[in-house]
Amino acid sequence: MAQLSDDCFAFGGEMMAVDRALELLSDRLHPVTESRRIGLADALGHALAEDVVAPFDVPPHDNSAVDGYAVFFDDLTPDAATRLPVTARVAAGHALDRPGRRGEAVRIFTGAPMPEGFDTVLMQEDCKAEAGSVTIPPGIRRGANRRRAGEDMTRGSTVLTAGRRLRAEDIGLLASLGRREVTVRTALRVAVFSTGDEVREPGVPLEPGCIYDANRFALIAALRQLGCRVTDLGILPDRLDAVRGALDEAAGTHDVLITSGGMSTGEEDHVKAAVEALGGLHFWRLAIKPGRPVALGTAKGAVFVGLPGNPVAVMVTFLRIARPILLRLMGAADEAPALFPLRAGFTYKKKAGRREYVRATLARAADGVLTAVKHPRDGAGILSSMVESDGLVELPEEITRVEPGMIVDFLPFSEVR
């Protein structure tokens, strides 16, 4: 008698490897958004549409890194204390109106421009101030506590490149260059659907056999984190005409259409057929767990991304497949998230030829080494496991078993926000 399989990934037909799918994305997808000039206050998360070149040195002049006393290093006695008269005072935003003179010290404050000629600053805590003079101990090095002009950015250097998604520190850097505006890619227009007769809006009573729609809300939040302009188009029933009509209408006003559910081979899964009727699919089954039924295609000129129906599979495939698609379409540079090698604190078996993602938390082992600990529940429908985990252990196709102590690649969720 034939043995029945409990592996939901077992049915026939070749599945595409994750790396091959990502190569396909790189070859076939190009930015679809335009560029425009916006104020810095509104630029966070946008992809730069220009290289940014420093128009001047930052800082524009040598300045003091501490509160203290500026001196000529050669005036200091190498092996004994040096006493110098304090002849002037320089605060931030105010320059001394003359060059420095040998044999004097100048009281100086953090950020104040270094008077011409002075090359070293002593911290006030290390000095003994007396009436009209300062005593400086030996042992300071030449140039100490002096910030040089251009040590942050030099005039004419490219400091940010087109395609970079602007973060808070990038906004600060642009402001330090005197920029009030920047040229960025416009927000990607994304329409989001859920599918399934069993799916209900949160807040309404649940009939027997129905569930609340977690996928759509999670996807909308993730898309907004990427800076997309999202249209929530609700829940589609399990009817081919309804799915096809909704995708057809949304394609005219959006750059990207994203669905969850309806991508399998069941009789009630109509999304694949609807997309093929409106355009075509480049792939729709990946060798990935969780999340095998993942699709990339086009529908009436819009890019289509079809994600699975199980909530964990939705989140994993969004992070590893949909996110790179969206970044490329919005004109962002390749942002392959960093994977960190960690010691595994669990045992796990997997099939060869399939990329798998294991939800894990981080913990210190008895010897103090950071270790990835597998979440105790790993079903594709257990959304709480994503909330209770710190990230994903990525297991490549060739690995079939993980043992405690083995080094594995860990993707923190913070890398893909």
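Does C127 count as buried or exposed, and at what relative accessibility?

A: C127 counts as buried because its relative accessibility is 14%. Here, buried means under 20% relative accessible area, exposed means over 50%, and partly exposed lies in between (1.4 Å probe, protein chains only). The model is predicted: local features need pLDDT of at least 70, side-chain atom pairs count only at pLDDT 80 or more, and totals for chains, interfaces and linings use all residues. Residues are numbered from 1 along each chain as its sequence is written, and side-chain values use heavy atoms, with hydrogens and water left out.

Another cysteine, C210, has a relative accessibility of 15% and therefore also counts as buried. The structure has zero disulfides, a disulfide being a pair of cysteine sulfur atoms within 2.5 Å.

With a relative accessible area of 4%, R323 is buried. Beyond its neighbours within four places in sequence, R323 is in contact (heavy atoms within 4.5 Å) with R165, L226, F318, E335, E415, V416 and R417.

Helix α6 covers residues 311–329, and its axis comes within 10 Å of that of helix α1, residues 18–28. Helices are DSSP runs of H or I with at least four residues, numbered from the N terminus. Axes are lines fitted to C-alpha atoms over the stretch in contact, and angles run from 0 to 180 degrees between N-to-C directions. The two axes cross at roughly 15°. Angles under 35 degrees count as roughly parallel, so α1 and α6 are roughly parallel to each other. V18, L22, L25 and S26 in α1 meet R320, I321, P324, I325 and R328 in α6.

Methods
Helix = DSSP H or I, 4+ residues; strand = E, 2+ residues; numbered from the N terminus. Parallel < 35°, antiparallel > 145°, perpendicular 65-115°, else oblique.
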